[in-house]
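Reader: I would like a walk through this model, one question at a time. Please give the terms as they come up.

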Amino acid sequence: MADTNYESLIGRADVNDLEAILAITNSDVDAISHAVKSDFNSDFTWNYERSRPALSKLYEKAKTSQWNVTTDLDWSIDVDIEKVVLNNAEANGRMFFQDNDLSHTSFGKWTEKEWTQLAIEGNNWTMSQFLHGEQGALLCTARIVETVPWIDAKYYASTQVMDEARHVEVFSRYLNEKLDGHYPINAHLRMLLDDILMDSRWDMTYLGMQIMVEGLALAAFGFMQQMTTEPLLKKLLRYVMSDEARHVAFGVLSLQEYYKELSGAEIRERQEFAFEAAVRMRDRFLQQEVWERMGVPVKEALELVLLDESRAQFQGLLFSKIVPNCKKLGLLDAGDGWLRERFTEIGVIQFEDWADTGEEYEALDEVAKDRASA
Ligand SMILES: [Fe+2]
Ligand SMILES: [Fe+2]
């Protein structure tokens, strides 16, 4: 059965793209820093009037729902990662390749030991990319403090800078203390973050980070939070998600107002920017470095990954926040519905009427819930 599927997929753009995807690798893995150049204005505003109640409300929420990595999490919990991935597999089934016949592939002779190691490496890779992505969010939000013209947005964004510092801190500490084996940033993720930071327009930082990257992250954290059986990670992700829901709301509330002022051509540019980011996040984040580390032929592994039904479903679910938020912003149907057509082509349009994140942050505030019940 796997063979038939494979044949039918040859010639499809995403399989052909594999060469292009693999051609981009992170070649400076030993570098200790990475600079992105951009030419943007640091904008003062002399209008201190609080004229945006929705952003004000979000800011008040952010001030009272701060949490502390050092004292709000129980770092004494011991993480035996091998046990954790076995427990996770027992609870949820194996993530990849559960329906494929692998007997004629490099995986045909794999024993439970290799599958367990794959799950461990996949976890290391994912947590590492969360860490690097969080640093991207930290830089983007610091940028927004400077570039956004409204005082209410500057106030709110400054709380997000603190949130993102906390997220970098928490993932870094978890990787250092509880896991063994970091990964450098994936080249495709780095390119996406670079493109967002290179754009000097303040609303593009919002669209790229608050709507696209954080929308994806919120869904990915939610997925992992449900799947993991490890209590420290579960709580850590609940708390990170409480913050992320506010961040996406910040993007939706701000851009909703700003997009009303833009021309059709300007909106079209935003639609294209959103779509480009979506394609990269759907097709490019393929854990290629994990297969390298596992010592299997990367191209063969990725061809199989692209055929995998459960992986395709998971990848689709990652758009469950992005699509409704794009709809709420008017990006889906603006002009001739260009973005609706594109999202239909890449198979994610079915999420358009799921809950958008404009208000969801109150329901997701697990920090406030824990405090109320304590
Ligand atoms: Fe974050
Ligand atoms: Fe965030």
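Author: A crossing is left-handed if the near helix is turned anticlockwise from the far one by less than a right angle, and right-handed if clockwise. This is a predicted model: local features need pLDDT of at least 70, side-chain atom pairs count only at pLDDT 80 or more, and totals for chains, interfaces and linings use all residues. Residues are numbered from 1 along each chain as its sequence is written, and chains are lettered from A and ligands numbered from 1 in the order in which they are written.

Reader: Is the crossing of H6 and H9 left-handed or right-handed?

Author: Helices are DSSP runs of H or I, at least four residues, and strands are runs of E, at least two, numbered from the N terminus. The axes of H6 (residues 112-147) and H9 (residues 202-227) come within 10 Å. Axes are lines fitted to C-alpha atoms, for helices over the stretch in contact, and angles run from 0 to 180 degrees between N-to-C directions. The crossing of H6 with H9 is left-handed.

Reader: How do H6 and H9 run relative to each other, roughly parallel or roughly antiparallel?

Author: The two axes cross at roughly 150°. Angles under 35 degrees count as roughly parallel, over 145 as roughly antiparallel, 65 to 115 as roughly perpendicular and the rest as oblique. So H6 and H9 are roughly antiparallel.

Reader: And H6 with H8, roughly parallel or roughly antiparallel?

Author: H8 covers residues 187-198. Its axis is 11 Å from that of H6, at an angle of about 5°. Therefore H6 and H8 are roughly parallel.

Reader: Which residues of H8 make the contact with H6?

Author: Residues are in contact if their C-beta atoms, placed from the backbone, lie within 7 Å. H6 brings Gln-129, His-132, Gly-133, Gly-136, Leu-139 and Cys-140. H8 brings Leu-189, Leu-193, Ile-196 and Leu-197.

Reader: Is Gln-287 buried or exposed?

Author: Gln-287 sits in the loop between H11 (264-283) and H12 (288-294). A residue is buried if 20 or more other C-beta atoms, placed from the backbone, lie within 10 Å of its own, exposed if 12 or fewer, and partly exposed in between. Gln-287 has 23 such neighbours, so it counts as buried.

Reader: What is the phi of Gln-287?

Author: Most residues other than glycine have a negative phi. Gln-287 is not a glycine, yet its phi is positive, at about 55°.

Reader: How far apart in space are Tyr-258 and Leu-329?

Author: Tyr-258 is in H10 (residues 231-259). In sequence, Tyr-258 and Leu-329 are 71 residues apart. C-alpha to C-alpha, the distance is 9.6 Å.

Note on methods. Two residues are in contact if their C-beta atoms, placed from the backbone, lie within 7 Å.
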